[in-house]
Amino acid sequence: MFSFFYVEGFLISKDQHIYNRINAFRFLKKLKAMKTPQEQFYYLRGLDAFVFEEMILTSLKKKGFIIVRNDGYTGDGGIDGRAYLNDQHYLIQAKRYSGHVKAKDIEDFAKICKRRKGKGLFVHTGKTGETAMKAARVNKVHVVSGAKLLELLVTEKPEAGILSKEANRVFNI
């Protein structure tokens with residue numbers, strides 16, 4: 001039996017999830033081979049949004065997080081995935097921005113996190129200005145962007161026994 005759902009006006013099958021995960025692995029490998037952060041960010045901003053989400057979830061899984069993927073890419077209530085590490089529940093929102101992140105985006109995500117009783121990881125390719133960082137601090141949302149985003153995507157799994165240290169270092173938790 002086939003499972004179908006709508007994404008941006010297109011009817012796609014559950015196989016699309018598999019296709020996006022396969023592409024996430026391929027594109028992570030390609031990203032690692034790039035020489036400069038500028039080249040890497042240009043590449044990330046041009047990716048399909050769903051593949052970018054899968055790259056983040058795949059990278060977190062490689063770091064030792066337990067990942068729970070959504071059934072579909074749209075209609076997810078603002079959450080692109082969930083991750084668990086050391087009894088901590090994280091809700092993930094992934095955005096491909098080329099400009100600055102808006103404080104309102106972080107505040108809206110924080111409300112969802114509060115309702116669902118999870119810590120927030122707002123992962124994006126844009127710039128995080130002072131207003132957005134203040135919104136993140138006030139709302140206890142962890143912003144993963146810039147060098148921390150590249151570190152998440154291109155470094156391998158940490159050695160056994162240091163996963164909580166890894167989470168602290170990468171996400172400033």
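# Exercises on a mixed sheet and an aromatic pair

Strands β3 and β4 (residues 81-85) run antiparallel to each other, paired over 3 bridges. That pairing is our way into this predicted model; work through the exercises below with the structure in view.

**Exercise 1. Find the residue in β4 that is the bridge partner of Val 68.**

Step 1. Go to β3, which covers 66-68, and pick out Val 68.
Step 2. Now look across to β4: the bridge partner there is Arg 82.

**Exercise 2. Work out the order of the strands in the open sheet, and name its edge strands.**

Step 1. The sheet is built from 5 strands, and their order is β3-β4-β5-β6-β7.
Step 2. The strands at the edges pair on one side only; they are β3 (66-68) and β7 (141-144).
Step 3. Check the directions: the pairing in this sheet is mixed, and β3 with β4 gives you an antiparallel example.
Step 4. Finally, follow the twist, which averages 25 degrees from one strand to the next.

**Exercise 3. Which strands does helix α4 touch where it packs on the sheet?**

Step 1. Locate helix α4 at residues 103-116.
Step 2. Trace its contacts with the sheet: they reach β5 (88-95), β6 (119-124) and β7.
Step 3. Compare directions: that of helix α4 makes about 150 degrees with that of β5.

**Exercise 4. Decide what kind of aromatic pair Phe 27 and Tyr 43 form.**

Step 1. The structure holds 3 aromatic pairs, and we take one of them here.
Step 2. Recall what is needed: a pair of aromatic rings is described by the distance of the centres and the angle of the planes.
Step 3. For Phe 27 and Tyr 43, the ring centres are 6.1 Å apart and the planes stand at 90 degrees.
Step 4. Planes over 60 degrees apart count as edge-to-face, so the pair of Phe 27 and Tyr 43 is edge-to-face.

**Exercise 5. Are Phe 27 and Tyr 43 buried or exposed?**

Step 1. The cut-off for buried is under 20% relative accessible area.
Step 2. Phe 27 has 17% relative accessibility, so Phe 27 counts as buried.
Step 3. Tyr 43 has 14%, so Tyr 43 counts as buried too.

Key
Residues numbered from 1 in each chain as written. Predicted model: local features only at pLDDT ≥ 70, side-chain atom pairs only at ≥ 80, totals over all residues. Heavy atoms only, no water. Pairing = 2+ DSSP bridges. Helix = DSSP H or I, 4+ residues; strand = E, 2+ residues; numbered from the N terminus. Axes fitted to C-alpha atoms, helices over the stretch in contact; angles between N-to-C directions. Contact = heavy atoms within 4.5 Å. Phe/Tyr/Trp six-rings, centres within 6.5 Å; stacked < 30°, edge-to-face > 60°. Buried < 20%, exposed > 50% of the residue type's maximum accessible area, 1.4 Å probe, protein only.
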